[in-house]
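I set out to record, entry by entry, what I looked up in this structure.

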Amino acid sequence: MQTSTDQIWSWLDAVPDPEIPVISVVDLGIVRDVRWDAETLVVRVTPTYSGCPATSVISMDIETALRDHGIGDVRIETSIAPAWTTDWLSEKGRAKLEDYGIAPPQPAGGPERCPRCGSEAVEKVSQFGSTPCKAHWRCTDCLEPFDYFKCI
Amino acid sequence: MSVSVSNDALLQFLLRMGDNTLILGHRVSEWCGHAPVLEEDIALANTALDLIGQTQMWLGLAGEIEGGKSADDLAFLRDAWDFRNVLLVEVPNGDFGRTLMRQFLFDAWHSIMLGRLMTSSDDRVAAIAAKASKEVAYHLERSGDTVVGLGDGTEESHTRMQEALDYLWPYVGEMFASDEVDAKIVAAGIAPNPIDLREEYDALVERILTQATLTIPESRFAHKGGRDGRMHTEHLGHLLTQMQWLQRAYPGAKW
């Protein structure tokens, strides 16, 4: 009997993002679809940023995780439309990001508060940070720099 | 209903888009480890990464249309005369100010172009444009801010930014040139006529450069020859010797 796609989704929710390991590839919203095509499991993923080097690692991690659960016949499909958006981050993922010290994306275009001390006195250092998906901000109260997961 | 377009015209269009991002991405990556401060180094590397990622999409599609070629084949196994990028993106980086001025002049065109391509009659082109335009919005925000910061900065930075603008301005016109390839692409509804972007471009560039207290040169003279491959600058060949070295020395080498 084929494993249910619900079960597959929950396995994938245990595959960490290689750059931000506190959230899963499902939290990140890059797994768009899981379906069976006869005996082959098809997983459709979408890249975050077009040049993100983590994308190929993510596909490999997904295949490895599914193989560990006994599913060897896997096809990863990559699609770019509709384009990935930070709106697809799960609520759980957003909370975990903040816990980890990365301010989650906000429609206003900047972090709501410092993920360390909670102060709203924050300023932008650079629109670009340690990975393509993050910007570099600083708290003017606790003086700590922090990453902000920028909206796209 | 859209007019059908020859594969050759579509291929030329895709090479123009993909070679622009490839060559500029390579140029910007030359700063990696050399930028004046860490934050700028990271920002330049991220910009280069986005551009190379976009190249994968444009040249990936071009290779598919050409038949059985990969983006890597097109990037690493063509010679200078096969490239279809505008001359602006192949000129050497110069100092940090000139690099950011070139980035701004390109980003302004790029963001307007991608915005129009999002409604392309070709779904594949529209999808790439939708993806890329999100990234380019950040490129433009940063390059625009930096041009203003340096232009309206110290006497030294102002002078250098004015020199950069004077040097680069003659390369701007080529982005708005049209030829028979464009005519076919426009007729098929795939892309706008480049000349139709000029008004919006001028308004955007003038607004930012005025804030930057810089003077736009009056001459509309334009160096051309890149986007039709007729004559690149000598700089492209030097760039390619570095970019393509590994595939030339070890054909077929894989990561």
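Predicted model: local features only at pLDDT ≥ 70, side-chain atom pairs only at ≥ 80, totals over all residues.

**Entry 1: fold of chain B.** I looked up the secondary structure of chain B and found 10 helices and zero strands. Read along the sequence, the pattern is accordingly α-α-α-α-α-α-α-α-α-α. I then checked the radius of gyration of chain B, which is 18 Å; the globule rule gives 18 Å for 255 residues, so chain B is as compact as a globular protein of that length.

**Entry 2: packing of chain B.** I looked up burial and found that 44% of the 255 residues in chain B are buried. I also examined contacts in chain B between residues at least 6 apart in sequence: 74% of these join residues at least 24 apart.

**Entry 3: the side of chain B that touches chain A.** How many residues of chain B are in contact with chain A? I found 21 residues of chain B in contact with 15 residues of chain A. On the chain B side, the elements that give two or more residues are helix 2 (38-66) and helix 5 (123-151). Helix 2 of chain B gives the most, with 11 residues. By residue class, I recorded 10 nonpolar, four polar and seven charged residues on this side of chain B.

**Entry 4: backbone exceptions in chain A.** I kept in mind that most residues other than glycine have a negative phi, and that most peptide bonds are trans. I then looked up the exceptions noted below.

- I found a cis peptide bond between A:Ala81 and A:Pro82, with omega about -5°. I located A:Pro82 in the loop between strand 3 (74-78) and helix 3 (91-100) of chain A.
- I found a positive phi of about 55° at A:Ala38, which is not a glycine. A:Ala38 sits in the loop between strand 1 (31-37) and strand 2 (40-45) of chain A. Is A:Ala38 buried or exposed? A:Ala38 counts as exposed because it has 7 C-beta neighbours inside 10 Å, and the cut-off for exposed is 12 or fewer.
- I found a phi near 70° at A:Leu143, again a positive value in a residue other than glycine. A:Leu143 lies in the loop between strand 6 (134-139) and strand 7 (145-149) of chain A. With 10 other C-beta atoms within 10 Å, A:Leu143 is exposed.

Note on methods. Residues numbered from 1 in each chain as written. Chains lettered and ligands numbered in written order. Helix = DSSP H or I, 4+ residues; strand = E, 2+ residues; numbered from the N terminus. Rg over C-alpha atoms; globule rule 2.2 N^0.38 Å. Buried ≥ 20, exposed ≤ 12 C-beta atoms within 10 Å, placed from the backbone. Contact = placed C-beta atoms within 7 Å. Nonpolar A, V, L, I, M, F, W, Y, C, P; charged D, E, K, R; others polar.
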